[in-house]
Amino acid sequence: MACPCEAPSGNHGREASPSGPEVDGGRWARYLALLMFRVTEVVRFCYGHRLLDYEGPCARIHGHNARVEIEISAPALDRKGFVVDFFDIEKAGKDWILSQFDHHLILREDDPVIPFLKEAGETFVALSVNPSAENFAKLIFDHLRAQGVPVTAVRFYETETAVATYDER
Ligand SMILES: [Zn+2]
């Protein structure tokens, strides 16, 4: 196993110090700045969709069982020992996602099927962008930020093996 002190500076036997610039050109301080606590809220929901301007299976109306991971990071914990209270994420994250998308058909607003759905009295959700995993990830990220949640990443699993991430690094 590698000596832990090799990671930031390789200074065996020397006391590691955050005031590293004079010792190692600031590498230790930069290493410490990368250390973060991360918590993740997982939300699962079912939805239907299809993609426009695309040729492939997702061009047909079909459904997915989505898994969303909402990640929040902080360099230090609060007095409770939390990055964030999961209870607070649930309202802005899980509750909103389920109310907006769960068991709904999500379409781009110019989808030609929309007039037929309206005429038939069927419900749907129209987005200004294609309902792709990438756009879902950004949509959820932007909503959480707008609600004041300090989210740092949203991972959207369209299937167990296809995941899109929108994050801030
Ligand atoms: Zn699909």
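Strand S1 (residues 37-49) pairs with strand S3 (residues 104-108) in the parallel sense, over three bridges. In this pairing, Tyr47 stands opposite His104 in S3. The model is predicted.

S3 also pairs with S4, again in the parallel sense and over three bridges. Here Leu107 stands opposite Ala126 in S4. Between these two strands comes a helix: S3, helix H4 (residues 114-120) and S4 make a right-handed β-α-β unit.

**The whole sheet**

These pairings belong to an open sheet of six strands. Its order is S4-S3-S1-S2-S5-S6, and the pairing is mixed. Strand S4 (125-127) and strand S6 (162-167) stand at the edges. Each has a single partner strand, so one side of each is left without a neighbour in the sheet. The twist averages 35° from one strand to the next. As for the side chains, in a regular strand they alternate between the two faces of the sheet.

The chain as a whole has five helices and six strands. Along the sequence they follow the pattern α-α-β-β-α-β-α-β-α-β-β.

**Helices on the sheet**

Which strands does helix H3 lie across? Helix H3 (residues 86-101) lies across S1, strand S2 (62-74), S3 and S4. H3 runs at about 10° to S1. Helix H5 (residues 133-146) packs on the sheet as well. H5 touches S2, S4, strand S5 (151-159) and S6. The direction of H5 makes about 150° with that of S5.

**The core**

The largest nonpolar core holds 26 residues. Val68, Ile70, Ala137, Ile140, Val154 and Phe156 touch the most other members. S1, S2, H3, S3, H5 and S5 each supply at least two residues of this core. Which element gives the most? H5 does, with seven residues.

Ile70 shows how parts of the chain come together. Leaving aside its neighbours within four places in sequence, Ile70 is in contact with Thr40, Glu41, Val43, Ile89, Gly93, Leu144, Val151 and Val154. Val154, like Ile70, is among the core residues that touch the most other members.

Of its 169 residues, 20% count as buried. Among contacts between residues at least 6 apart in sequence, 50% join residues at least 24 apart.

**Two loop residues with positive phi**

Asp53 and His103 both call for a closer look at the backbone. Phi of Asp53 is near 55°, a positive value in a residue other than glycine. His103 is not a glycine either, yet has a positive phi of about 55°. Where do they sit? Asp53 is in the loop between S1 and S2. His103 is in the loop between H3 and S3.

Are these residues buried or exposed? The table gives the counts behind the answer.

| Residue | Phi | Loop | Other C-beta atoms within 10 Å |
|---|---|---|---|
| His103 | about 55° | between H3 and S3 | 11 atoms |

His103 has 11, so His103 is exposed.

Methods: Residues are numbered from 1 along each chain as its sequence is written. This is a predicted model: local features need pLDDT of at least 70, side-chain atom pairs count only at pLDDT 80 or more; totals for chains, interfaces and linings use all residues. Two strands pair if DSSP finds at least two bridges between them. Helices (H or I, at least four residues) and strands (E, at least two) are DSSP runs, numbered from the N terminus. Axes are lines fitted to C-alpha atoms, for helices over the stretch in contact, and angles run from 0 to 180 degrees between N-to-C directions. Two residues are in contact if their C-beta atoms, placed from the backbone, lie within 7 Å. A nonpolar core is a set of buried Ala, Val, Leu, Ile, Met, Phe, Trp, Tyr and Cys residues joined through C-beta atoms within 7 Å. A residue is buried if 20 or more other C-beta atoms lie within 10 Å of its own, exposed if 12 or fewer, and partly exposed in between; C-beta atoms are placed from the backbone. A crossover is right-handed if, with the strands pointing away from the viewer, the path from the first strand over the helix to the second runs clockwise.
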